[in-house]
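Please have the sequence and the 3D view open while reading.

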Amino acid sequence: MSPAPPVRGLDVTEREREVLVLVARGLSNAEIAQNLYVSLSTVKTHVSSLLTKLGARSRVHLVIAAYEARLV
């Protein structure tokens, strides 16, 4: 499977993009961990990284970024 093309304005890894889409769909960290078969700690790390990279103050801002990037 080839990696997804970069999304304009979002400099995130492929895994961070997966987490971002699931955050935008309203999943909790625990639900995201279960969906991606990773630990809760790993999800928290990805969410924290997304908040920093996107300059977001909360998960709500992450959802807005995902919609603006047409990821959902």
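The model is predicted: local features need pLDDT of at least 70, side-chain atom pairs count only at pLDDT 80 or more, and totals for chains, interfaces and linings use all residues. Residues are numbered from 1 along each chain as its sequence is written, and side-chain values use heavy atoms, with hydrogens and water left out.

**Helix α2 against helix α3**

- Helices here are DSSP runs (H or I, at least four residues), numbered from the N terminus.
- Helix α2 covers residues 29-36 and helix α3 residues 40-54; their axes lie 8 Å apart, at an angle of about 110 degrees. Axes are lines fitted to C-alpha atoms over the stretch in contact, and angles run from 0 to 180 degrees between N-to-C directions.
- That angle makes α2 roughly perpendicular to α3, a term for angles of 65 to 115 degrees.
- From α2, Asn-29, Ala-30, Ile-32 and Ala-33 meet Leu-40, Val-43, Lys-44 and Val-47 of α3, where contact means heavy atoms within 4.5 Å.
- By class, this contact of α2 with α3 has six nonpolar, one polar and one charged residues. Ala, Val, Leu, Ile, Met, Phe, Trp, Tyr, Cys and Pro count as nonpolar, Asp, Glu, Lys and Arg as charged, and the others, Gly among them, as polar.

**The buried face of α2**

- Asn-29, Ile-32, Ala-33 and Leu-36 are buried in α2, that is, under 20% relative accessible area with a 1.4 Å probe, protein chains only.
- Down the axis of α2, the buried residues fall within an arc of 100 degrees, so they line one face of the helix. The arc is taken from the directions from the helix axis to the C-beta atoms.
- These buried residues of α2 pack against α1, α3 and α4 (59-68).
- Just after α2, Tyr-37 has a positive phi of about 60 degrees.

**Helix α3 against helix α4**

- The axes of α3 and α4 cross at roughly 70 degrees and come within 10 Å.
- α3 and α4 are therefore roughly perpendicular to each other.
- Val-47, Leu-50, Leu-51 and Leu-54 of α3 make the contact with Arg-59, Leu-62 and Ala-65 of α4.
- By class, the contact of α3 with α4 has six nonpolar, no polar and one charged residues.

**Ala-24**

- Ala-24 lies in helix α1 (residues 14-24) and counts as buried because its relative accessibility is 10%.
- Apart from neighbours within four places in sequence, Ala-24 is in contact with Val-63, Ala-66, Tyr-67 and Val-72.
- Ala-24 and Ile-64 are 40 residues apart in sequence, and their C-alpha atoms are 7.8 Å apart in space.

Terms used
Helix = DSSP H or I, 4+ residues; strand = E, 2+ residues; numbered from the N terminus. Buried < 20%, exposed > 50% of the residue type's maximum accessible area, 1.4 Å probe, protein only. Parallel < 35°, antiparallel > 145°, perpendicular 65-115°, else oblique.
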